[in-house]
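Thanks, everyone. I'd like to take a few minutes on one interface, then one surface patch.

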Amino acid sequence: MIWLWLTMLIAGLLTYLIRLSFIQLFARMEIPLRVKRLLRYVPPAVLSALFIPELLLPADHLDLSLGNSRLLAGLLASLVAWRTKNVFLTILVGMAALLILKGFKG
Amino acid sequence: MKSPCGGELLAGVRDELPILLGVVPFGMIYGVLALSAGIPPAAAQAMSAIVFAGSSQFIAAQLVASGSPAVLIVLTIGVVNLRHALYSASIAPYLKKLSPAWKWLLSYLLTDEAYAVSITHYQKGNPNAELNTASSDWRHWYFLGAGLALWSTWQISTALGIFLGQQVPASWSLDFTLPLTFLALVVPALSDRSSVAAALAAGLAAVLFFSLPFKLGLILAGLVGISVGLWSEPR
């Protein structure tokens, strides 16, 4: 299993260098104003790309029907997140909604 | 004068706590998945410390299970984690004045979850700005607190998954806690029209590009979202 350890070490180093990349680069150069404007959209864009497919493609296939429990639970959780700004409550309500909806489907 | 570093550190830990609710099940599921992929327990645990990036560890375990070559595993992990370069660029301006040691440490802790709370804290402004000196910014301690809270939880929940094994029934749908965490972080931050546009465009693009190999769709969708956000700004 030595190959697995080597693979992990290289992948870990690669991941680290990706994370360090701009933190290191921007230490020595001035960040252009245009780039700063663009970077404002990193959190909403990347984090949405992470979770929206999980709601719309529950079994790796697009499902926009009312039978898609993950989509319905996600919509309810979004409402809670928007009104309360409370991460803990959002996760709890979303999970509870998913389990209840799945229970109804049997 | 008492330095506010302890307060910032604790605030970072505190703000990371609700997110950990979504991270614990995810770490446990990773531990279970890694073992069932044939990865020895020590290596499965070490991956959580060496790679320290949840979604890429999941995909790595699946690739090991399917007997993929090492080069493919490394490349896939790299592509899945490319989004961290965007986080790196986005948080870099705030870390500019820190010593190299701080930059190296915080880079290691730059995960989705630690980034999300830290960038929000940075964008709120410096709570100690009234001191008005170059050294009055203690917010990197907040980042450190959030990062360490996530790091230790990730290691412990991986270990729990390895030890408890298959005792977590799939019917509990605990994997859903992670998308809920990201949702809980994104939705309250959508304060203007262009960030809503960025989020929706990125989500739509991620769905369209879903079947691309190596999860390439993730980074492409991020770039689409950023472009649409910029383009929809009031001129």
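This is a predicted model: local features need pLDDT of at least 70, side-chain atom pairs count only at pLDDT 80 or more; totals for chains, interfaces and linings use all residues.

Start with the contact count. On the chain A side, 66 residues are in contact with chain B. On the chain B side, 82 residues take part. The area buried between the two chains is about 6600 Å². Carbon and sulfur atoms give 77% of that. Which three residues supply more of chain A's buried area than any other three? They are A:Arg19, A:Ile23 and A:Tyr41. Together they supply 13% of what chain A buries against chain B.

Next, polar pairing. The rule finds 18 residue pairs in polar contact across this interface, with both residues at pLDDT 80 or more.

Now, which elements of chain A do the touching? The top contributor is α1(A), with 19 residues. By residue type, that side of chain A divides into 47 nonpolar, 10 polar and nine charged.

On to salt bridges. Over all chains, the count comes to seven. Four of them are found across the interface of chain A and chain B. Side chains of opposite charge can pair when their charged atoms come close.

Take one example. A:Glu30 and B:Lys96 meet through their side chains, with N and O 3.5 Å apart. The bridge criterion is within 4 Å. Where do the two partners sit? A:Glu30 lies in the loop between α1 and α2 of chain A. B:Lys96 lies in the loop between α5 (83-95) and α6 (100-108) of chain B, so this pair joins two chains.

Last item: the patch. Chain A carries a nonpolar surface patch of about 720 Å². Its members are A:Met1, A:Ile2, A:Trp3, A:Trp5, A:Leu6, A:Leu9 and A:Ile10. A:Met1 is found in the segment before α1 of chain A.

That's my list. Over to you for questions.

Definitions and conventions: Residues are numbered from 1 along each chain as its sequence is written. Chains are lettered from A and ligands numbered from 1 in the order in which they are written. Side-chain values use heavy atoms; hydrogens and water are left out. Contact means heavy atoms within 4.5 Å. Buried area is the accessible area (1.4 Å probe) that two parts lose on being put together, summed over both. A polar contact is a pair of N or O atoms within 3.5 Å; within protein, one must be able to donate a hydrogen and the other to accept it, and residues adjacent in sequence count only if both atoms are side-chain atoms. Helices (H or I, at least four residues) and strands (E, at least two) are DSSP runs, numbered from the N terminus. Ala, Val, Leu, Ile, Met, Phe, Trp, Tyr, Cys and Pro count as nonpolar, Asp, Glu, Lys and Arg as charged, and the others, Gly among them, as polar. Patches are made of residues with over 30% relative accessible area and no salt bridge: like charges are joined within 9 Å, nonpolar side chains (Val, Leu, Ile, Met, Phe, Trp, Tyr) within 5 Å. Accessible areas come from the Shrake-Rupley method with a 1.4 Å probe; for residues, only the protein chains shown count as cover.
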